[in-house]
Amino acid sequence: MRALSCETYAEPEALRVVERPDPVPAAGEVLIHVHAAGVNYPDALMVMGQYQVRPPLPFTPGAEAAGTVAAVGDGVTHLRTGQRVVAFTGTGAFATHVIAPAGAVMPLPEGIDLGVAASLPLAYGTSMHALTDRARLHSGETLLVLGAAGGVGLAAVMIGKALGARVIAGVSSAAKGEVAREHGADEVIDYAAEPLRDRLRDLTAGRGPDVIFDPVGDALTEPAFRSIAWGGRYLVVGFAGGEIARLPLNLPLLKGASVVGVFWGEFARRDPHANARNLRQLASWVEDGTVRPLVSDRYPLERGAQALRALLERRVTGKVVLVPS
């Protein structure tokens with residue numbers, strides 16, 4: 001097998017493609033022939049040694065993969081060789097083959113493109129968990145999504161609409177705003193060109209959004225939180241803007257609002273059945289067109305570093321995937 005290897009914690013450009021023996025699944029495991037692997041911000045942080053999980057070196061990054069079952073270990077009865085699947089792997093997906101626990105592997109309907117499927121576990125799984133399990137978003141509520149044209153942001157826009165919310169997309173350019181609108185956003189705020197708080201006040205008649213989905217952090221956090229509705233829920237999803245913001249704790253008090261952490265990976269580990277339920281709903285929405293994941297680019301394995309660099313520099317719209325084979 002071929003794999004993208006991280007041999008020292010460093011910038012993505014230090015990654016290199018290596019040849020390794022094909023792995024053999026142990027009991028309860030599945031070997032997947034990878035057709036596409038989703039590229040995510042945590043992958044880049046992990047390669048640089050800046051993520052909360054630091055795999056022992058050397059390791060192959062890549063936390064999600066879609067492909068076909070190449071082999072199953074003892075005790076695996078719900079999957080068969082040749083079946084189309086998607087899996088959360090944690091690491092190892094940036095390769096032609098990857099091992100995954102059978103419980104983290106989900107069969108796919110025939111109609112779903114494997115590149116699209118590879119984008120589902122992290123970005124769409126995170127957004128689904130955030131909006132349904134953590135925020136309890138209700139039909140008729142107003143949802144503000146920051147970084148709304150990125151991987152998790154665009155997923156949150158579409159899932160918010162599927163749940164019946166009015167969605168306001170916060171973006172950093174007019175072009176990204178158009179992408180958000182094309183995928184269901186009711187309103188768009190270009191916070192690079194107009195004051196976020198002023199536009200939120202106008203768009204919500206002074207009430208503010210009920211739920212704020214924030215994968216960006218940095219300078220956007222405090223003005224967004226100051227705009228939240230009474231009893232609102234502020235979802236802390238990530239820090240793609242760079243800095244981890246410091247929020248004055250009098251603000252949640254004055255707003256009667258909640259600051260809610262979203263750590264999808266730990267949720268998926270602790271409650272795999274609930275995560276599988278979320279992913280089945282997502283697959284159903286993708287199949288019927290309710291959710292239309294945007295895969296904006298597909299990179300070969302040799303260009304994995306460029307894919308991660310594009311993500312770090314926030315040049316990605318929607319999702320990008322690696323195509324190892």
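This is a predicted model: local features need pLDDT of at least 70, side-chain atom pairs count only at pLDDT 80 or more; totals for chains, interfaces and linings use all residues.
Me: Why is W264 called buried?
Reply: Buried means under 20% relative accessible area. W264 has a relative accessible area of 4%, so W264 counts as buried.

Me: Why are F88 and W264 called an edge-to-face pair?
Reply: Ring centres must lie within 6.5 Å, and planes over 60 degrees apart count as edge-to-face. For F88 and W264 the centres are 4.6 Å apart and the planes make 75°. Both tests are passed, so the pair is edge-to-face.

Me: What does the pair of F88 and W264 tie together?
Reply: F88 lies in strand β5 and W264 in helix α9. The pair therefore ties together parts that are 176 residues apart in sequence.

Me: Why is the pair of F225 and Y234 called tilted?
Reply: Planes under 30 degrees apart count as stacked, and those over 60 as edge-to-face; the rest are tilted. The planes of F225 and Y234 stand at 40°, with the centres 5.3 Å apart, so this pair is tilted. Both residues are buried. By this rule the count comes to three aromatic pairs.

Me: How do you know that R2 and E302 form a salt bridge?
Reply: The rule asks for a side-chain nitrogen of Lys or Arg within 4 Å of a carboxyl oxygen of Asp or Glu. The closest N and O atoms of R2 and E302 are 2.0 Å apart. That value is within the limit, so the pair counts. R2 lies in strand β1 and E302 in the loop between β14 and α11, so the bridge ties together parts that are 300 residues apart in sequence.

Me: Are R2 and E302 buried, exposed or partly exposed?
Reply: R2 has 23% relative accessibility, so R2 counts as partly exposed. E302, at 47%, also counts as partly exposed.

Me: What makes R233 and E141 a salt bridge?
Reply: The N to O distance is 2.8 Å. The limit is 4 Å, so the pair qualifies. R233 lies in strand β12 and E141 in the loop between α3 and β8, so the pair ties together parts that are 92 residues apart in sequence. Both residues are buried.

Me: How do you know that the buried residues of α5 line one face?
Reply: The buried residues of α5 are K176, G177, V179 and A180. Seen down the helix axis, they fall within an arc of 160°, so they line one face. The face turned away from that side carries the exposed residues A174, A175 and E182. The buried residues pack against α4, β9 and β10.

Me: What makes β10 and β13 edge strands?
Reply: The open sheet has the order β10-β9-β8-β11-β12-β13, with parallel pairing. β10 and β13 each have a single partner strand, so one side of each is left without a neighbour in the sheet. Neighbouring strands of this sheet are turned by 20° against each other on average, direction ignored.

Me: How do you know that β9 and β10 are paired?
Reply: Pairing needs at least two bridges. Four bridges join β9 to β10, so the two strands pair. A169 stands opposite V188 in β10.

Me: What makes D218 and R314 worth a look?
Reply: Most residues other than glycine have a negative phi, and most peptide bonds are trans. D218 has a positive phi of about 60° although it is not a glycine. R314 also has a positive phi of about 60°, and R314 is not a glycine. D218 is found in the loop between β11 and α7, and R314 in the loop between α11 and β15.

Me: Where is there a cis peptide bond?
Reply: A cis peptide bond joins L57 and P58, with omega about -15°. P58 is in the loop between α1 and β4.

Note on methods: Residues are numbered from 1 along each chain as its sequence is written. Side-chain values use heavy atoms; hydrogens and water are left out. Buried means under 20% relative accessible area, exposed over 50%, partly exposed in between (1.4 Å probe, protein chains only). The arc is that of the directions from the helix axis to the C-beta atoms. Contact means heavy atoms within 4.5 Å. Axes are lines fitted to C-alpha atoms, for helices over the stretch in contact, and angles run from 0 to 180 degrees between N-to-C directions. Rings of Phe, Tyr and Trp (its six-membered ring) pair if their centres lie within 6.5 Å; planes under 30 degrees apart count as stacked, over 60 as edge-to-face and the rest as tilted.
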